[in-house]
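Okay, thanks for coming, everyone. I'd like to walk you through one structure today, so let me put it up on the screen.

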Amino acid sequence: MHYSPDRFETLDEAHAIADALRALSPKLYETLNAARADLLDRYPSDLFWEIQNNMNMPRLVNQRCAKIWNDDEWGLYDKCGYLHLQENSSGLRAILRRVDPISSGLPKTNDTKASRAYYMQSTCKAAGTLKKINQDDFFSPEGKVVPDLSDTRLILAWQETKRSIAITAYRPLETVPYGYTGTDKKYDFSLELRDEPAMEISDFTPIEDTDDNLLPNLIFDDISENLPSEVRAEQ
């Protein structure tokens, strides 16, 4: 997203993220719906038990999204085969994850540096503390600036509803033990994305952990879980 110098001086990280998600939302819904329709039409469900199909579909939908993704502003930032997106201008990153239909939580991430980064962020930067990205692009609007969001990582959590699908963006703050259900604040905010060209966002403020639009029992990584037992004992 490009901003005037005056607007940039009053821009905080939360509103910059919201602006970026507003631009992303229509394409994300379009791709996710198309990928889900492709799999429902083509997937040979008779090859496996129903419980296996239910476990396979979220992974296949995510992989299909990555295969058919096509957007000028957001691109795939790795070749892992899943929908891992990065906004080209600001460096903002986001990964697609499916909400577990039974627990209403997100699946546990892999114990890798890339995965843990999504759970080890500081709080959103306030207005006046964002850095600018040097604009070397010949086609960048003259006099406009772009905030540096390369250290910001989001989880795009999608779930099936009775009529369609719904997507909510989360910005986690810290790692806590696996299955943690305490009351400490765990994310800066969540933002429900809408399937429409112009998603109006006004008076946006970070939410608290007690707000209703948080997923209940959101599962976070315990980064020591996959360590050998003797190493955990030392810690």
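Predicted model: local features only at pLDDT ≥ 70, side-chain atom pairs only at ≥ 80, totals over all residues.

Residues are numbered from 1 along each chain as its sequence is written, and side-chain values use heavy atoms, with hydrogens and water left out.

Let's start inside. In soluble globular proteins, nonpolar side chains tend to be buried together. By a nonpolar core I mean a set of buried Ala, Val, Leu, Ile, Met, Phe, Trp, Tyr and Cys residues joined through side-chain atoms within 4.5 Å. Buried is under 20% relative accessible area, exposed is over 50%, and partly exposed is in between, with a 1.4 Å probe and protein chains only. The largest such core here has 39 residues, and L21, L156 and L193 have the most contacts inside it. Which elements give two or more residues to this core? They are α2 (13-42), α3 (50-68), β3 (93-98), β6 (153-160), β7 (165-172) and β8 (187-193). Helix α2 provides the largest share, twelve residues. For those labels, helices (H or I, at least four residues) and strands (E, at least two) are DSSP runs, numbered from the N terminus.

Have a look at L156. Contact means heavy atoms within 4.5 Å. If we ignore neighbours within four places in sequence, the contacts of L156 include L21, L24 and L28, then A94, I95, L96 and R97, then I167 and A169, and also L193.

Now the strands. β6 has six of its eight residues buried, so the rest of the structure largely encloses it. Two strands pair if DSSP finds at least two bridges between them. On one side, β6 pairs with β3 in the parallel sense over six bridges. Within that pairing, I95 stands opposite I155, and L96 has L156 as its bridge partner. β6 also pairs with β7, this time in the antiparallel sense, over six bridges. There the partner of L156 in β7 is A169. The hairpin joining β6 to β7 goes through four residues.

Moving along, β3 is mostly covered too, with five of its six residues buried. Strand β2 (residues 84-87) runs antiparallel to β3, and three bridges join them. L85 stands opposite A94 in that pairing. The hairpin of β2 and β3 has five residues between the strands, and G91 in that hairpin takes a positive phi near 85°.

On to charges. Side chains of opposite charge can pair when their charged atoms come close. I'm calling it a salt bridge when a side-chain nitrogen of Lys or Arg is within 4 Å of a carboxyl oxygen of Asp or Glu. How many salt bridges does a search of the whole structure find? Six. One of them is between R36 and E160, at 2.9 Å, N to O. R36 is in helix α2 and E160 in strand β6, so this pair ties together parts that are 124 residues apart in sequence.

E160 has another partner, R98, at 3.0 Å, N to O. Is E160 buried, exposed or partly exposed? Partly exposed, because its relative accessibility is 40%. R98, at 18%, counts as buried.

A separate salt bridge joins R64 and D38, at 3.0 Å, N to O. Here the link is between helix α3, with R64, and helix α2, with D38, 26 residues apart. R64 is partly exposed, at 21%.

Two last spots. A20 is in helix α2 and is buried, at 0% relative accessibility. Leaving out residues up to four places away in sequence, A20 touches M1, W74, E87 and L92.

Finally, the outside: I51, in helix α3, is exposed at 58% relative accessibility.
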